[in-house]
Amino acid sequence: MKALLVSLVLSLPLAALAQAPVIQISGATFQPLPLALSTPLTQGGELKSSAAAVDDALLFDLRASGLFQVLDRASFLADAKEGMTAGSINFARWADVGAEALVKYTLTREGDELKAEARVFNVGNGREEFKTAQSGPTAQPSQLAHKVADAIYRHYTREPSPFLVPITYVRKSGTNKDVWVADWDGRNARQLSRGGINVLPALGPDGQVGYTSYQGGKPDLYVHKPGADAVRLKTSEGQMATGIAFSPDGKRVAYALADDDSTQIWVAGANGEGARQLTDTRFGINTSPAWSPDGKRIAFVSNRGGSPQVYVMNADGSGVRRLTFQGNYNQTPNWSPRGDLIAFTARDERNAFDLFTVHVDTGKITRLTQDQANNEEPSFSPNGRLVLFTSTRNGPSQLFVMTAEGNNPLPLPGQDKAALTTPDWGR
């Protein structure tokens, strides 16, 4: 398996480095850490359904992280009633099934709140390395799981996980296409738009979601803020605006504006005012703007060279540079939060769509998917370690997640047969 994580150990004090259990990953030598997650210990039967929901979500988070080889519970040899302290655990039984790390946790309920206490043990030396206490609403047990998974992830990597950041996407139902927002794994999904054609959603700061809607008869940009109705941005009247993208600081938006002759990239203030045109290719198409993490550059798609390719320019429209030269149909660029890569969709020689990355400085292309039907619309996780995307490998278009190197692809849980498209992972 290729490189997944580079630990940020240089920022730690020297005393902490001596004990920090940071997962060190170096190129192709990396192997996921064999980890055993015990079933949760609970008190009383009233927690049965909540415990199952927390456990399912926690298992998925750890499996999808790319860090761990989560061991099959059917192989466990230890007593299910084993305690939570090192002195009560028979570590030899966990070593016998190949575990190098062991996570044990308890669940309790106080009123409308669920509480979890998790402890991480080193199986080799039989020591407790870390513990965390988290709480969350009883009505949303999976959110408690994400907090526990985030704490474990931080323990091993010294960086935030992506498990607490929401996603947005489009769900097709009949003739309608609506924008939804959900937890990172698709749970706790909630519908934002109500009927008609609403596409290309993007998450902005403070929980707002921008998208393209045809509710006025032509495509235009709308922004939905929490607790308020969607508001149309002020774009040029009579033209078609699509593909909103929020700048990292939330103060600007980029989008494509089409008239009878061409489609150009524009940038405006967050409310749509002060719009300024960045590209100017007569009879050309320029679409799909994506901001760099520092807000200084914008990636986009243009056919100015004859076929859709990925380009990058400065945020004022200067310094346009073509990034992709392979393939004849490249689209949907998404800039890594780490600033080094842009993920995109490309049509290959068999007319199948697959995912690739291009290194912004060197132009090196890396293929992420192959021979698994159509794979499109990549979106990096907030820490740049994972990629959310759509795939038709199981039938209708579904949401999948994989590592940024293309390993460990998993469908998000609980999806029905409705087609889900154009996901965006918040920052």
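Modeller: Side chains of opposite charge can pair when their charged atoms come close. In this predicted model, K115 and E110 form a salt bridge, with 3.1 Å between the closest N and O atoms.

Biologist: Are K115 and E110 buried, exposed or partly exposed?

Modeller: K115 has a relative accessibility of 29% and therefore counts as partly exposed. E110, at 48%, is likewise classed as partly exposed, because the class of exposed residues begins over 50%.

Biologist: Which residue does E128 meet in a salt bridge?

Modeller: The side chain of E128 meets that of R119, at 3.2 Å from N to O. E128 is partly exposed, since its relative accessibility is 33%. R119, at 15%, counts as buried, because buried means under 20%.

Biologist: Where in the chain do the partners R367 and D348 lie?

Modeller: R367 and D348 form a salt bridge with an N to O distance of 3.1 Å. This pair links distant parts of the chain, its residues being 19 apart. R367 belongs to strand 25 (residues 365–367), whereas D348 lies in the loop between strand 23 (341–347) and strand 24 (353–359). With 26% relative accessibility, R367 counts as partly exposed; D348, with 9%, counts as buried.

Biologist: Which residues are linked with R367 and D348 in a network of salt bridges?

Modeller: The network also includes R350, D354 and D371. Over the whole structure, a search finds 17 salt bridges.

Biologist: Which residues of helix 2 and helix 4 meet?

Modeller: From helix 2, the residues are S50, A53, V54, A57, L58, D61 and L62. Their counterparts in helix 4 are P141, S142, L144, A145, H146, V148, A149 and I152.

Biologist: How many residues of the contact of helix 2 with helix 4 are nonpolar, polar and charged?

Modeller: Eleven are nonpolar, three are polar and one is charged.

Technical notes: Residues are numbered from 1 along each chain as its sequence is written. This is a predicted model: local features need pLDDT of at least 70, side-chain atom pairs count only at pLDDT 80 or more; totals for chains, interfaces and linings use all residues. Side-chain values use heavy atoms; hydrogens and water are left out. Contact means heavy atoms within 4.5 Å. Helices (H or I, at least four residues) and strands (E, at least two) are DSSP runs, numbered from the N terminus. Ala, Val, Leu, Ile, Met, Phe, Trp, Tyr, Cys and Pro count as nonpolar, Asp, Glu, Lys and Arg as charged, and the others, Gly among them, as polar. A salt bridge is a side-chain nitrogen of Lys or Arg within 4 Å of a carboxyl oxygen of Asp or Glu. Buried means under 20% relative accessible area, exposed over 50%, partly exposed in between (1.4 Å probe, protein chains only).
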